[in-house]
Amino acid sequence: MQNKMTATGFKVVFVGSAAAALASCVQNAPRLRPNIVYIMTDDHTAQMMSCYDDRFMQTPNLDRIAEDGVRFTNSFVANSLSGPSRACMLTGKHSCANRFFDNTTCVFDSTQQTFPKLLQEAGYQTAVIGKWHLESLPTGFDFWEIVPGQGDYYNPDFIQQDGSTVRRHGYLTNIITDDAIDWLENRRDKDKPFCLLVHHKAIHRNWMADTCDLELYEDRTFPLPENFYDTYEGRPAAASQEMSIVRDMDPLYDLKMFREGHHSDKSDKYELFVSRMDKEQKAAWDAFYDPIRDEFFSSKLSGRELHEWKYNRYMRDYMKVVKSLDDNVGRLLDYLDAASLTDNTLIVYTSDQGFYMGEHGWFDKRFMYEESMHTPLVMKLPKGYKAKGDIDAMVQNIDYAPTFLEAAGITPPEDIQGISMLPLLKEGKAFKGEWRDALYYHFYEYPAEHSVKRHYGVRTDEWKLIHFYNDIDHWELYNLREDPSEMHNLYGLEGTEEITATLKERLLALQEEYSDPVRFGPSHDKD
Ligand code: SGN
Ligand code: CA
């Protein structure tokens with residue numbers, strides 16, 4: 001690791017002597033290299049993980065990782081969407097450098113450098129199981145099996161290494177966990193350190209719970225979030241999205257209020273999902289949803305009552321899927337304990353991005369606003385690492401690759417843009433080096449589903465500056481301490497000139513640092 005200075009002189013990375021000391025330490029270290037178990041879910045937001053926020057549900061197994069290890073309080077993604085987020089994580093580079101900009105037009109260049117490839121070259125056994133979502137097939141893994149595209153919750157297909165596709169019986173979160181444990185127990189070379197990526201589809205839309213969890217949380221009701229009826233004043237890009245619970249959430253597809261003869265844009269998709277179920281699964285599904293459907297159709301709710309009903313069904317369905325995920329993470333943690341692997345394994349839990357649980361009236365993600373740019377990140381550390389409790393440094397998913405490499409004793413290649421978190425983990429509170437003071441973000445998938453306009457921006461501890469561009473040219477400025485819900489766009493207001501100028505300079509420096517060709521232009525073609 002090295003100090004990097006941008007053209008404008010801003011200090012981006014400065015870990016100084018701590019890094020040098022650590023590097024020599026790593027070189028002289030005994031060759032007991034830690035294993036890595038990286039668990040990533042899809043769309044799991046920190047509001048729904050009790051060690052971050054216990055207003056809604058308990059996640060005891062995920063919390064266990066944080067309680068025994070560390071909880072990052074300022075963990076963010078670089079582009080809040082599945083494929084791009086995965087590409088950032090694998091390469092340690094922003095979308096502009098790994099060239100996977102969006103889910104809809106990109107194919108991941110699988111010949112490029114990734115951290116699993118570098119680990120594999122250094123003698124690690126590598127595996128990935130679950131959602132991949134990068135269009136090309138995985139490279140750099142001794143073992144892989146992935147679900148096609150978004151995957152199916154029930155009786156899912158898996159693409160296997162020999163190119164064949166097999167259909168498995170059961171609920172996807174359980175199957176991914178079974179296969180992860182099976183690889184650990186029976187398939188890997190036990191003489192080598194390993195890196196296993198467990199990539200769940202849960203908790204992705206349309207939030208289909210396992211049959212054993214359907215009844216959960218039905219006695220709970222939740223008041224609408226304070227800004228549920230946000231009017232998006234001063235925020236035209238926020239106003240033009242299509243991810244509103246009131247307007248865009250489909251009762252039929254999202255909330256399972258399907259009836260023969262009733263159609264919606266997504267009813268075919270819903271029918272396809274349900275048609276995968278076997279008789280028993282379908283019977284349990286209908287036994288649960290039929291009475292809710294009957295009541296829904298007979299009550300003919302409207303206005304605020306309908307909005308509250310939709311929000312509550314959304315919350316409950318989402319929570320059921322999280323519960324199954326939490327149980328399965330518990331199973332994996334128990335296996336690692338029983339196999340005496342915990343002590344020498346770095347266990348990581350995160351999500352490919354955050355999600356809106358009704359804040360601003362929304363579901364989905366994409367925006368640079370906090371709920372979707374933020375992502376949960378907890379880690380249980382190998383023996384000898386000193387960190388414990390909360391780590392408040394601003395980290396981003398491009399930091400995972402260099403962290404894993406450095407943990408394995410490999411110096412991260414120069415072209416990796418993320419910063420290794422290893423000093424934070426190894427030294428804990430004793431870490432006195434400086435850390436980055438700003439994060440860069442860039443979202444590209446527009447025009448596309450949910451209609452979130454292209455934007456990029458910079459986030460510091462206190463401020464966020466966003467520029468929406470392409471078919472709009474609009475800036476937003478937020479003071480995150482005074483307005484954590486980002487309701488008041490301060491851009492252009494008297495008294496903000498200085499901070500705006502500083503942040504614009506910071507933004508330009510980051511775009512230069514990461515070689516992102518955007519220069520505040522009103523339109524930008526990602527190619
Ligand atoms: C699907 C969903 C969207 C979601 C994207 C991206 N629609 O297209 O709601 O935003 O995935 O999600 S659905 O009709 O298929 O449910 S991502 O997490 O994979 O990026
Ligand atoms: Ca996702």
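**Close-up views of a predicted model**

**View 1. The lining of the largest pocket.** In this predicted model, 29 residues line the largest pocket. Gln47, Arg55, Glu370, Glu371 and Pro484 lie nearest the centre of the pocket. The space inside comes to about 710 Å³. What kinds of residue make up the lining? There are 12 nonpolar residues, seven polar ones and 10 charged ones.

**View 2. Thr59 in its loop.** Thr59 sits in the loop that runs between strand E3 (35–41) and helix H2 (60–68). Is Thr59 buried or exposed? Its relative accessibility is 0%, so Thr59 counts as buried. Buried means under 20% relative accessible area. Set aside the neighbours within four places in sequence, and Thr59 still has contacts. They are Met48, Met49, Ser50, Cys51, Val322 and Asp326.

View 3. Find Ile410 in the loop between helix H12 (400–407) and helix H13 (422–427). Ile410 has a relative accessible area of 18%. That value is under the 20% cut-off, so Ile410 is buried. Which residues does Ile410 touch, not counting those up to four places away in sequence? The answer is Leu118, Leu119, Ala122 and Leu405. Take Leu118: along the sequence, Ile410 and Leu118 are 292 residues apart. In space, their C-alpha atoms are 8.2 Å apart.

**View 4. Cysteines without a disulfide.** How many disulfides does a search of the whole structure find? It finds zero. Cys88 is an example of a cysteine in no disulfide. The nearest cysteine sulfur to that of Cys88 belongs to Cys96, 8.6 Å away. Now look at how accessible two cysteines are. Cys88 has 0% relative accessibility, so Cys88 counts as buried. Cys212 has 59% relative accessibility, so Cys212 counts as exposed. The cut-off for exposed is over 50%.

**View 5. Confidence along the chain.** The mean pLDDT of the protein chain is 93. A value of 70 or more is reached by 92% of the residues. Where does pLDDT stay under 50? Look at residues 1–30. For this stretch, the model has 52 contacts beyond four places in sequence.

Conventions. Residues numbered from 1 in each chain as written. Chains lettered and ligands numbered in written order. Predicted model: local features only at pLDDT ≥ 70, side-chain atom pairs only at ≥ 80, totals over all residues. Heavy atoms only, no water. 1 Å grid on protein atoms, 1.4 Å probe; cavity = no way out; pocket = protein on both sides within 12 Å on 5 of 7 lines; lining within 4 Å. Points joined across faces, edges and corners; volume = space filled by probe spheres on them. Nonpolar A, V, L, I, M, F, W, Y, C, P; charged D, E, K, R; others polar. Disulfide = S-S within 2.5 Å. Buried < 20%, exposed > 50% of the residue type's maximum accessible area, 1.4 Å probe, protein only. pLDDT = per-residue confidence, 0-100. Contact = heavy atoms within 4.5 Å. Helix = DSSP H or I, 4+ residues; strand = E, 2+ residues; numbered from the N terminus.
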